[in-house]
Amino acid sequence: MKRVNELDFYSLGALKLAEKLNLTMPKVVAVVDCIGIRSRPDCYKEIKIGKATFKRYSEKALQTITEALQKESAEDIWAKRHPKRIQP
């Protein structure tokens with residue numbers, strides 16, 4: 001099914017997604033990568049307008065991330081992605 005206005009369906013950018021989840025943008029990106037949001041067409045789409053490409057997320061992405069964060073915190077996902085380096 002083709003959507004008439006994809007910007008209405010994919011209404012969230014990464015910053016707005018971070019604000020709604022009360023997280024920093026880097027932590028949101030870590031969670032998005034961890035749970036594979038960008039591979040789900042119902043959650044994510046890159047929309048080209050002219051020469052610019054916009055990475056957009058749907059409300060379904062927000063719901064999916066919220067559910068995932070009930071199982072594992074953003075801090076835990078972040079820690080797995082960015083282990084602390086031990087100084088020699």
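Trainee: Where is Asn22 placed?
Mentor: Asn22 sits in the loop between α2 (14–21) and α3 (25–35). Bear in mind that this is a predicted model.

Trainee: What makes Asn22 count as exposed?
Mentor: Its relative accessibility is 70%. Exposed means over 50%, so Asn22 counts as exposed.

Trainee: What is the phi of Asn22?
Mentor: Asn22 has a positive phi of about 60°, although it is not a glycine. Most residues other than glycine have a negative phi.

Trainee: Which aromatic pairs are there, and how many does a search of the whole structure find?
Mentor: The search finds two. In one of them, Phe9 and Tyr10 pair up with 4.8 Å centre to centre and 85° between the planes.

Trainee: Why is the pair of Phe9 and Tyr10 called edge-to-face?
Mentor: Look at the angle. The planes are at 85°, and over 60 degrees counts as edge-to-face. The centres also have to lie within 6.5 Å, and here the value is 4.8 Å.

Trainee: Are Phe9 and Tyr10 buried or partly exposed?
Mentor: Tyr10 has a relative accessible area of 3%. Buried means under 20%, so Tyr10 is buried. Phe9 is at 30%. That value falls between the cut-offs of 20% and 50%, so Phe9 counts as partly exposed.

Trainee: Why is the pair of Tyr44 and Tyr57 called tilted?
Mentor: The ring centres are 5.1 Å apart and the planes are at 50°. Stacked needs under 30 degrees and edge-to-face over 60, so this pair is tilted.

Trainee: What does the pair of Tyr44 and Tyr57 tie together?
Mentor: Tyr44 lies in strand β1 and Tyr57 in strand β2 (residues 52–57), so the pair ties together parts that are 13 residues apart in sequence. Tyr44 is buried at 9% relative accessibility, and Tyr57 is buried at 3%.

Trainee: How do you know that Ile49 is partly exposed?
Mentor: Ile49, found in strand β1 (residues 44–49), has a relative accessible area of 45%. Together with Leu7 and Phe54, Ile49 forms a nonpolar patch on the surface, with about 250 Å² of accessible area together.

Trainee: What makes Thr64 buried?
Mentor: Thr64 is in helix α4 (residues 59–71). Its relative accessible area is 13%. The limit is under 20%, so Thr64 is buried. A polar atom of its side chain lies 2.8 Å from the backbone oxygen of Lys60.

Note on methods. Residues numbered from 1 in each chain as written. Predicted model: local features only at pLDDT ≥ 70, side-chain atom pairs only at ≥ 80, totals over all residues. Heavy atoms only, no water. Helix = DSSP H or I, 4+ residues; strand = E, 2+ residues; numbered from the N terminus. Buried < 20%, exposed > 50% of the residue type's maximum accessible area, 1.4 Å probe, protein only. Polar contact = N/O pair within 3.5 Å; in protein donor to acceptor, adjacent residues only side chain to side chain. Patch = residues over 30% accessible without salt bridge, like charges linked within 9 Å, V, L, I, M, F, W, Y side chains within 5 Å. Areas by Shrake-Rupley, 256 points an atom, 1.4 Å probe, with all protein chains shown as cover. Salt bridge = Lys/Arg side-chain N within 4 Å of Asp/Glu carboxyl O. Phe/Tyr/Trp six-rings, centres within 6.5 Å; stacked < 30°, edge-to-face > 60°.
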